[in-house]
Amino acid sequence: MTVMVEFDHLSKSFGDFCAVDDINLTVTKGEVLGFLGPNGAGKTTTMRMVSGFLTPTTGTARICGHDVVSAPTAVKRLIGYMPEGSPSYDDMTVSAFLKFIAEIRGYSGAERDARVARVAERLDLRDVLARPIEVLSKGYRRRVGLAQSILHDPPVLLLDEPTDGLDPNQKHQVRGLIAEMAAEKVIIISTHILEEVEAVCTRAVIIGRGKVLADGTAADLLARLPDHTAVSIILPAAAAAHAAAFLRNLPAVAAVFETPGEKGRIRLRLTPKAGGIQVEEIAAAVRAQNIPAIEIFQDGGDLDDAFRLITTGGVSQVAA
Amino acid sequence: MRYIRIITKRELAAYFSTPVAFVFIAIFVGLTGALTFYVGRFFDRDQASLDGFFAYHPWLYLLLVPAVSMRLWAEERKSGTIEQLLTLPVTTTQAVLGKFIAAWLFCGIALALTTPMWVTVNILGEPDNGAIAIGYLGSFLMAGAYLAIGICMSALTRNQIIAFIAGSLVCFLFTMSGIDLVLGAFRDWAPVALVETIASFSFLSRFQSLTRGVVELRDIVFLTSITTFWLFATVLFVDAKKAG
């Protein structure tokens, strides 16, 4: 696997405030890295350093072997970058703006027009090409920002909150586009929308106060939750007391919590002992006892819980 | 060079994307004409020269040139497009030069539209056309120097109004330092060398010698080095204040 992006002790301070504190990461071709963190964690500052906009206080980043501190222009040629909020020249038309970007990227004449036409097609911008950017909706503006970032088909794509402000259909479209491009590129997405991580990212890095707090797949993050193997059973209220008494005595179960559900049903949530619970074993035991369960499912918490836990310091270990 | 040309093209198009550009040019051309004829008493002078016309340029530039340059960086920072621009494969120097050249061409266009004055004096008499050409060159160089100051002030703030006022103020200091009113305040107590230094920084005296039709290399060098200095400062400020 080719390492294409390397963060090497990347740090940035603004006066006394340390926004990004010694981040080390390597990203290989084909990875879609979700860069997560609470607001103010240092996501945008990191993106700005990797894109060559801000100079790191110490450390550096390398893109395909080019150092962003010593060879910023070479790095800028290799990346497509969509800044936060996708700022673009409001007084220009979409077409004029994309042509300007294409020229700066080194295309002219027919090649330039073909590139603009292709990204307009891919991002569904053909209807607005002749309109000034200032009159466009947020969704269109975001897609203009995306269009300029992929115009030169860069090996590395940095997208700062690419689906912010898009409606569900547009989000689906942009995620499809990212998935389509992923195999040949490195794509780094900064976001605080966690569903995005499950939808498109092969890897998630959570940062908080400028440090890497967790690094792994979505499943790895979920495994951080202490009750990540918990199981819930939904059953009629009449059967709840008997079932709870039985389940509480199973060897893997630490505790059973009852919560009333709708239509006279009860939800029993079984939290695990240290070894964890296998949902299949619970299902088998429930069947053997003829407990009239309506639903049995893994209920270990979601990425939101994992994110909260990791970023509020609930989990002590830090990824190596 | 290619990057500078692309940025210049975009900036120049940006000027003409709103009617403001045309209003600006109309004001410049109208005011130069009005000042020459009514305040400068063009006909009463009974001379086929454009001295009276050029005399008002420094004062017009004082207000009009910072208005041309005020948006160049302040707007980029306000709207966040500076991040877009400077993550394209262009250097800050290329971006500064591209913007400066666009603004300078814009002033050049406004200046070129005053040439009916030149035609007029040729119809009315026999002016020294060489002197007038040098006057135009001097005026254009001086506009460049004012612009360089204005673009530097624009790089220091995200507020265009502040960029305009600061630009006018600094241009005002550079213009006024040559007139007796200002020099008189120093002459009583300051050493002669200081007074001479202050006077030598005046755009006014440099420009006046050019409009008299005397091409002195040092005047041209002075105006171009002032321009270079402020553009260099602009590059430093843009780099230093990118994040702010």
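This report describes the pockets, cavities, aromatic contacts and cysteines of a predicted model.

## The largest pocket

The largest pocket has a volume of about 480 Å³, and of the 26 residues that line it, those closest to its centre are A:Asp91, B:Ala14, B:Thr18, B:Arg71 and B:Glu75. Five helices of chain B, namely helix H1 (2-16), H2, H5, helix H6 (71-79) and H8, each give two or more residues to this lining, and the largest share, five residues, comes from H6(B).

By class, the lining of the largest pocket is made up of eleven nonpolar, six polar and nine charged residues. B:Arg71, one of the residues closest to the centre of the pocket, also has its charged end over the ring of B:Tyr15, at 4.8 Å from the centre of that ring.

The largest cavity has a volume of about 40 Å³ and is lined by B:Phe24, B:Phe28, B:Tyr61, B:Leu64, B:Val65, B:Cys107 and B:Ala110. Helix H2 (20-39), helix H5 (57-69) and helix H8 (92-112) of chain B each supply at least two residues of this lining, with H5(B) giving the most, three residues. The lining of the largest cavity comprises seven nonpolar residues, with no polar and no charged ones.

The second largest cavity, with a volume of about 30 Å³, is lined by B:Thr36, B:Gly40, B:Phe42, B:Arg45, B:Gln47, B:Ser49 and B:Gly52. Its lining divides into one nonpolar, five polar and one charged residues, whereas that of the largest cavity has no polar and no charged residues.

## Aromatic contacts

Over all chains, a search of the whole structure finds 21 aromatic pairs. Among them is the pair of B:Phe203 and B:Phe222, which is edge-to-face, with 6.2 Å from centre to centre and 75° between the planes. This pair links distant parts of the chain, since B:Phe203 lies in helix H14 (residues 203-211) of chain B and B:Phe222 in helix H15 (residues 217-240) of chain B, 19 residues apart. B:Phe203 is buried, with a relative accessible area of 0%, and B:Phe222, at 11% relative accessibility, also counts as buried.

Both residues belong to one aromatic cluster, which is formed by B:Phe28, B:Tyr61, B:Tyr146, B:Phe174, B:Phe203, B:Phe222, B:Phe229 and B:Trp230. Of these cluster members, B:Phe28 and B:Tyr61 are also found in the lining of the largest cavity.

Key: Residues are numbered from 1 along each chain as its sequence is written. Chains are lettered from A and ligands numbered from 1 in the order in which they are written. This is a predicted model: local features need pLDDT of at least 70, side-chain atom pairs count only at pLDDT 80 or more; totals for chains, interfaces and linings use all residues. Side-chain values use heavy atoms; hydrogens and water are left out. On a 1 Å grid over the protein atoms alone, a cavity is a set of points where a 1.4 Å probe fits but cannot get out, and a pocket is an open set with protein on both sides within 12 Å along at least five of seven lines; lining residues have an atom within 4 Å of a point. Grid points are joined across faces, edges and corners, and a volume is the space filled by probe spheres set on the points. Helices (H or I, at least four residues) and strands (E, at least two) are DSSP runs, numbered from the N terminus. Ala, Val, Leu, Ile, Met, Phe, Trp, Tyr, Cys and Pro count as nonpolar, Asp, Glu, Lys and Arg as charged, and the others, Gly among them, as polar. Rings of Phe, Tyr and Trp (its six-membered ring) pair if their centres lie within 6.5 Å; planes under 30 degrees apart count as stacked, over 60 as edge-to-face and the rest as tilted. Buried means under 20% relative accessible area, exposed over 50%, partly exposed in between (1.4 Å probe, protein chains only). A charge sits over a ring if NZ of Lys or CZ of Arg is within 6 Å of the ring centre and within 35 degrees of the ring normal.
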